Amino acid sequence: MANWIKWRDLKFEEEINLWAWHIDFYMEEGAQYWQDLDFERVGQKPFHFNTEMPKPWATDPHCIYDLDCFPKAVISFEKLLNHTTGPSELRKIANVLRGKKNMTVIKDEAIGCIWEESFIHARAPNNFNRNTGGLPAAAYKFTNAQMRSILDKLNFMRNKYSQGKWTNIPVAMDIVSVLDDYIADVEQEFVQMVIDPSPTPAPNSDYHQNLVDWYESVGRGNRYSVDKVRQMRGYWPLVKHLYNETESEDATQPSNTSQP
């Protein structure tokens, strides 16, 4: 739990943005939120993620030359499990596959039966709780400020896909429906958090830097270190200019460390 809290507090804003950008990527037909040479797509130095301001972003070449990235359907995991909405969600999947080459899809009237047998009467246990050795999901909490950020992002995305060019677009309408459910759930939890707030730690001016140091110590925080990148013979010439002169010079100097 201690490491999860560190990860949460360091990466929260980035992760909630990535969640939204993932939706935008498909809805905007390949809107590329990462920079071309950021092959790990982590937005770490010397790269950064794009923001809402300079849109439209570049389009992922795969969405130009290889496939149509606009979503054919929006499937909600929560709705798929629900007795009332489950068959309709499953029917969306069937309708996308129906008529495709080498695909055989059951008749529409059998979808309800398939849903019942798959989700209600299935003999094999589900794996919804795959981490059986860990803490329950309810143990992983967010701060009040983080919950407010989650709610703000949900409302932002809901407003974005409920107006303008997205009006009456079926997949956008489905996204809005899912977001409405998420907003209601988060609002309900947030109200309880405001009524009964958790204790907050004392201010610590070194906290963020401590998190950065920890993230680097576990091998996740400096993915494009100059020492690593300069070993990539075909890649280093493309990105060398993104590092400051001191870093580039240091990276090209031979080591003074003698070898035994």
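## How confident is the model?

For the protein chain, the mean pLDDT is 90, and 90% of the residues reach 70 or more.

This is a predicted model, in which local features need pLDDT of at least 70 and side-chain atom pairs count only at pLDDT 80 or more, whereas totals for chains, interfaces and linings use all residues. Residues are numbered from 1 along each chain as its sequence is written, and side-chain values use heavy atoms, with hydrogens and water left out.

Now look at residues 255-260, where pLDDT stays under 50 and the model has 0 contacts beyond four places in sequence; contact means heavy atoms within 4.5 Å. Where pLDDT is low, the predicted coordinates should not be read in detail.

## The nonpolar cores

In soluble globular proteins, nonpolar side chains tend to be buried together. A nonpolar core is a set of buried Ala, Val, Leu, Ile, Met, Phe, Trp, Tyr and Cys residues joined through side-chain atoms within 4.5 Å. Buried means under 20% relative accessible area, exposed means over 50%, and partly exposed lies in between (1.4 Å probe, protein chains only).

The largest nonpolar core here has 22 residues, and Met27, Ile150, Tyr161 and Ile175 touch the most other members.

## A buried glutamine

Glutamine 44 sits in the loop between α1 (2-27) and α2 (61-65). With a relative accessible area of 11%, glutamine 44 counts as buried. The side chain of glutamine 44 reaches the backbone oxygen of arginine 220 at 2.9 Å. Leaving aside neighbours within four places in sequence, the contacts of glutamine 44 are Tyr215, Arg220, Gly221, Asn222, Arg223 and Tyr224.

## Salt bridges

The whole structure holds 15 salt bridges. A salt bridge is a side-chain nitrogen of Lys or Arg within 4 Å of a carboxyl oxygen of Asp or Glu. One of them pairs glutamate 40 with lysine 228, the closest N and O atoms being 3.6 Å apart. This pair links distant parts of the chain, 188 residues apart: glutamate 40 is in the loop between α1 and α2, and lysine 228 is in helix α9 (residues 226-229). Glutamate 40 is partly exposed because its relative accessibility is 24%, and lysine 228 is partly exposed at 36%.

Aspartate 152 and arginine 148 also meet in a salt bridge (3.6 Å, N to O). These two residues are 4 residues apart in helix α6, so they are separated by about one helical turn. Aspartate 152 is partly exposed at 42%, and so is arginine 148 at 37%. Elsewhere, salt bridges that share partners join Asp24, Glu28, Lys55 and Lys160 into one network. Finally, aspartate 68 forms a salt bridge with lysine 72, with the closest N and O atoms 3.3 Å apart; lysine 72 counts as exposed, at 53% relative accessibility.

Technical notes: Polar contact = N/O pair within 3.5 Å; in protein donor to acceptor, adjacent residues only side chain to side chain. pLDDT = per-residue confidence, 0-100.
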